[in-house]
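Student: I am new to this structure and would like to learn how to read it. Could we go through it together, feature by feature?

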Protein chains: 2
Amino acid sequence: MITFVDSAAGERERGDGPRCLDPQLWHACAGGMVQMPPPGSRVYYFPQGHAEHAQGQAAVDFPPGARLQALVLCRVAAVRFMADPDTDEVFAKIRLVPARPQDADANDAIAAAAAQEDKPASFAKTLTQSDANNGGGFSVPRYCAETIFPRLDYSADPPVQTVLAKDVHGVVWKFRHIYRGTPRRHLLTTGWSSFVNQKKLVAGDSIVFMRTENGDLCVGIRRAKKGGIGGPELLGEEDGGNNKMMGARGKARVRVRPEEVAEAANLAASGQPFDVLYYPRASTPEFCVRAAAVRAAMRTQWCPGMRFKMAFETEDSSRISWFMGTVSAVQVADPIRWPNSPWRLLQVTWDEPDLLQNVKR
Amino acid sequence: MITFVDSAAGERERGDGPRCLDPQLWHACAGGMVQMPPPGSRVYYFPQGHAEHAQGQAAVDFPPGARLQALVLCRVAAVRFMADPDTDEVFAKIRLVPARPQDADANDAIAAAAAQEDKPASFAKTLTQSDANNGGGFSVPRYCAETIFPRLDYSADPPVQTVLAKDVHGVVWKFRHIYRGTPRRHLLTTGWSSFVNQKKLVAGDSIVFMRTENGDLCVGIRRAKKGGIGGPELLGEEDGGNNKMMGARGKARVRVRPEEVAEAANLAASGQPFDVLYYPRASTPEFCVRAAAVRAAMRTQWCPGMRFKMAFETEDSSRISWFMGTVSAVQVADPIRWPNSPWRLLQVTWDEPDLLQNVKR
DNA sequence: ACAGTTTGTCGGCCTTTCCGACAAACCAT
DNA sequence: ATGGTTTGTCGGAAAGGCCGACAAACTGT
């Protein structure tokens with residue numbers, strides 16, 4: 001394997017191929033609202049959702065003859081946290097084993113609570129024009145510099161230090177961190193420019209800094225959704241445990257191939273173990289949803305006029321906000337192919353006048 | 001382990017610690033005249049020489065009581081080719097097992113001849129002021145560019161290519177190689193500056209380029225001997241198989257600690273296996289000399305007035321030249337501590353009027 | 001010794017990037 | 001609203017580094 005650096009600081013830990021990365025950095029990159037089902041827990045697998053995850057527009061070609069189910073109860077056998085070698089985009093490889101309903105539901109809730117704990121401090125910033133284009137500098141928000149970066153010695157004039165940050169591949173980047181200007185502000189100078197160039201960052205992309213338990217700094221990337229850098233700021237995000245929102249822009253390049261979806265759906269239907277790739281930032285709904293959450297949602301009789309609350313994350317990952325809306329219609333997506341599918345599309349009218357959003361369940 | 005790169009190109013193969021490096025690159029860095037005794041061959045180990053290798057001035061503190069021998073016949077058990085992680089200086093860790101004279105002398109000559117073969121093409125250049133200080137460029141001697149570097153496409157205007165060279169640690173450096181100017185000449189531009197900075201090269205240091213059998217390029221470093229960068233060009237080099245010259249400048253930092261020498265000498269005297277570190281560019285005489293060479297030299301009755309010829313290597317490692325001299329005195333170095341030691345210092349007056357040189361044996 | 005070739009050094013100029021000034025945006029009262 | 005704080009953008013300036021010109025050094029005859 002190869003660590004490759006050019007006009008920059010880089011360091012690599014190991015020399016293996018597409019390896020698993022630190023789950024905490026993975027979560028920091030995925031966004032604070034992504035919660036992966038822990039191994040051993042049970043989820044419902046939605047072939048329809050998997051298909052949406054795979055496609056831009058091209059429909060997945062499910063074999064016509066096969067007896068497919070709209071949702072399959074599975075046990076999570078393993079979750080591998082990974083990152084795209086080229087784009088640094090994080091994704092997970094989830095191994096699912098179809099299960100029978102009467103199987104034990106054991107630790108679902110407990111494990112979920114445990115996963116919530118000890119989440120290390122992280123901070124995300126969307127790159128400005130100046131961060132991405134200008135003379136090789138990055139304006140570090142004060143909060144980020146003070147809580148995520150290593151302590152800076154303010155007695156020096158000007159206060160400067162070298163900051164090392166490991167990316168999702170284990171490559172370490174070296175930045176000069178300086179506190180200067182009038183008024184004073186935190187900046188990354190030397191090293192930033194080549195980071196931007198090598199990661200091919202543009203204004204609108206986000207950068208995530210995370211501090212591990214042992215004090216090391218990590219850096220991740222969240223590419224801007226394609227189809228317009230400027231635009232309104234609303235970006236699709238994951239739900240708070242029950243519901244899901246889907247961004248309207250999107251049209252990402254291929255990450256999951258339709259054949260893989262078809263194969264997974266078939267294996268699921270025939271009760272065999274299978275792997276799925278899950279891209280947490282793909283702006284499509286979850287297709288592996290906690291069994292308990294699905295059952296709770298199914299108990300609700302959704303009908304037009306109901307008020308609807310959906311969580312989303314603010315840009316800097318520091319808080320969680322809510323959108324309010326009203327259910328305007330309830331319709332089954334594709335009654336012919338997927339009879340009795342709870343993969344209903346609720347049409348919601350948001351209080352904030354924005355694009356119509358499709359919300360699952 | 002760490003690959004560290006800053007404003008440069010770097011790449012690492014493996015992640016282990018002080019590992020062994022490619023023997024051919026090691027030899028290219030050591031200089032064309034260094035010949036390591038192959039495993040299985042026999043050498044005489046000279047504690048006195050080992051001590052000189054270790055010290056700047058500080059004498060090695062041999063335990064007074066111990067019965068030490070001036071030279072110990074040993075079998076070479078293993079040779080590990082290594083490089084200093086900080087300075088890139090090459091050295092070898094030699095495992096020696098004391099042997100009895102009547103043991104087989106087997107393959108000494110054969111192995112030596114074999115070692116001579118398939119030495120890959122390499123080229124060394126001493127850095128000029130312009131190479132080391134000026135606007136980040138390196139003037140590549142035509143011979144080096146044409147025989148060591150990858151083929152350049154001269155049909156382009158100007159002819160340019162990116163050259164990758166792996167250093168002794170497996171880190172790959174990236175250089176822009178261009179053929180331009182009037183008159184035309186080969187230059188390394190982008191990437192060179194940061195190589196100089198990170199390797200802390202100064203005018204007077206040498207850089208070694210080597211081409212491996214499979215066509216890959218390697219780069220090594222030979223630091224200038226300390227105590228004056230400018231000065232006369234004569235640098236101490238190894239002998240042609242029989243004799244040894246010792247540079248007068250030197251005073252290098254510690255590489256071998258006196259305790260290690262004392263321990264090795266004791267183990268040698270008591271017939272136990274031991275390790276020695278050998279720095280081929282330390283400007284001290286060999287202290288592990290082929291058994292056959294020692295016996296040949298011992299048969300000669302050295303006396304004042306004898307003519308003396310000693311090989312040395314030219315700066316670019318392309319040729320071997322000879323110094324002629326006359327033996328002016330024969331004296332045993334330290335008759336009290338080392339009775340009957342052949343570690344005599346012949347005093348030689350060189351034909352070229354230079355500093356007096358001490359020559360072993 | 002001479003002519004041809006090779007390469008070390010220099011000044012010019014272009015690019016990169018570091019810097020404070022300023023003001024817009026943001027926040028807390 | 002208002003004042004204090006934070007941070008995005010800009011133009012100036014310094015540094016880095018690429019270039020050909022020129023001449024010194026070297027080579028072979």
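Student: Which residues of H1(B) are buried?

Tutor: Buried means under 20% relative accessible area, exposed over 50%, and partly exposed in between, with a 1.4 Å probe and protein chains only. In H1(B) the buried residues are Gln24(B), Leu25(B), Trp26(B), Ala28(B), Cys29(B) and Ala30(B). This helix, residues 23–30 of chain B, is mostly covered, with six of its eight residues buried. Just after H1(B), Gly31(B) has a positive phi of about 115°.

Student: How should I read the names and values?

Tutor: This is a predicted model, in which local features need pLDDT of at least 70 and side-chain atom pairs count only at pLDDT 80 or more, while totals for chains, interfaces and linings use all residues. Residues are numbered from 1 along each chain as its sequence is written, chains are lettered from A and ligands numbered from 1 in the order in which they are written, and side-chain values use heavy atoms, leaving out hydrogens and water. Helices (H or I, at least four residues) and strands (E, at least two) are DSSP runs, numbered from the N terminus.

Student: What do the buried residues of H1(B) pack against?

Tutor: A contact means heavy atoms within 4.5 Å. The buried residues of H1(B) pack against strands S3, S4, S5, S7, S10 and S11 of chain B.

Student: At what angle do the axes of H2(B) and H7(B) cross?

Tutor: Axes are lines fitted to C-alpha atoms, for helices over the stretch in contact, and angles run from 0 to 180 degrees between N-to-C directions. The axes of H2(B) (residues 47–54) and H7(B) (residues 258–269) come within 9 Å and cross at roughly 165°. That makes the two helices, H2(B) and H7(B), roughly antiparallel. Angles under 35 degrees count as roughly parallel, over 145 as roughly antiparallel, 65 to 115 as roughly perpendicular and the rest as oblique. Where they meet, Pro47(B), His50(B), Ala51(B) and Ala54(B) of H2(B) touch Glu260(B), Val261(B), Ala264(B) and Ala265(B) of H7(B).

Student: In what order do the seven strands of the open sheet in chain A stand?

Tutor: Strands of a sheet pair through backbone hydrogen bonds, either parallel or antiparallel. Two strands pair if DSSP finds at least two bridges between them. In chain A the order is S5-S10-S11-S7-S8-S9-S6, and the pairing is mixed. S5(A) (122–126) and S6(A) (138–140) stand at the edges with a single partner strand each, so one side of each has no neighbour in the sheet. On average, neighbouring strands of this sheet are turned by 35° against each other, direction ignored.

Student: How many bridges join S5(A) and S10(A)?

Tutor: Five bridges pair S5(A) with S10(A) in the antiparallel sense. Thr126(A), for example, has Ser206(A) in S10(A) as its bridge partner. Helix H1(A) (residues 23–30) lies across S5, S7, S10 and S11 of chain A, running at about 40° to S11(A).

Student: Is Met210(A) buried or exposed?

Tutor: Met210(A) is buried, with a relative accessible area of 0%. This methionine, Met210(A), belongs to strand S10 (residues 206–211) of chain A. Not counting residues up to four places away in sequence, the contacts of Met210(A) include Gln24(A), Leu25(A), Ala28(A) and Ile148(A). The C-alpha atoms of Met210(A) and Cys29(A) are separated by 9.1 Å, although the two residues are 181 residues apart along the chain.
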